[in-house]
Amino acid sequence: MSILNFNTKKAKAEKGCTVIVGCGRLGANIADSLSEEGKDVIIIDSNSDSFRKLSPMFGGMKITGDATELLAFDDIDFKDVSSVIAVTNHDNTNIMVAQMAKEILHIDKVIARLYDPARECVYRELGIDTICPVILSTNEVDNLLFGGTDA
Ligand code: AMP
């Protein structure tokens, strides 16, 4: 049985729609940015309070639901969804969502955040792009310390 609590009976995706899973600091920022660019966005979070992080100008659709539930995706019309971004605070959830998006829903572009850099190779084998804050931050620190100098 699904434990979903959808705001609408059936979420309608427009062509080229991006689905973001997890409306935390990162998810809300990505959603606001895409929405500001005029892109069609659906954002999912298991906690409806999380949607408060979105800008009042956010023009996309908000859905309250547990993304690990396959039915959550069944209730969304995925035929026009071109990308799924999994940015919950759990690596395992992001892996599961990304796998569902890639293998069951055949979404073109799938991106997942992972905290554990050691897992990156698992995603790569599955054809899933990753954002790893540890690696990005390490590279940026290295760049700030040593980049752009002649020394
Ligand atoms: P943050 O750590 O600030 O990026 O926030 C992560 C977000 O992911 C929070 O708003 C959580 O409520 C959300 N989240 C965690 N697990 C799930 C899940 N299984 N389904 C949907 N959203 C989730």
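**Reading the pocket and the salt bridges**

Colleague: How do the residues of the lining of the largest pocket divide into nonpolar, polar and charged?

Modeller: You get seven nonpolar, 12 polar and five charged residues in that lining. Asp, Glu, Lys and Arg count as charged, Ala, Val, Leu, Ile, Met, Phe, Trp, Tyr, Cys and Pro as nonpolar, and the others, Gly among them, as polar. Mind that this is a predicted model, where local features need pLDDT of at least 70 and side-chain atom pairs count only at pLDDT 80 or more, while totals for chains, interfaces and linings use all residues. Residues are numbered from 1 along each chain as its sequence is written, and side-chain values use heavy atoms, without hydrogens or water.

Colleague: What volume does the largest pocket have, and which residues are closest to its centre?

Modeller: Rolling a probe the size of a water molecule over the atoms shows where empty space is left. Of its 24 lining residues, G22, D45, V87, T88 and N89 are closest to the centre.

Colleague: Which helix gives the most to the lining of the largest pocket?

Modeller: Helix 1, with three residues. Helix 1 (25–36) and strand 2 (41–45) each supply at least two. Helices (H or I, at least four residues) and strands (E, at least two) are DSSP runs numbered from the N terminus. The protein has five helices and six strands, in the order β-α-β-β-α-β-α-β-α-β-α.

Colleague: How many salt bridges does the count come to?

Modeller: Side chains of opposite charge can pair when their charged atoms come close. With a Lys or Arg side-chain nitrogen within 4 Å of an Asp or Glu carboxyl oxygen as the rule, the count comes to six. E37 pairs with K39 at 2.8 Å between the closest N and O atoms. D116 and R119 meet at 3.8 Å, N to O. Bridges that share partners also join D77, K79 and D80 into one network, with K79 and D77 at 3.4 Å between the closest N and O atoms.

Conventions
On a 1 Å grid over the protein atoms alone, a cavity is a set of points where a 1.4 Å probe fits but cannot get out, and a pocket is an open set with protein on both sides within 12 Å along at least five of seven lines; lining residues have an atom within 4 Å of a point.
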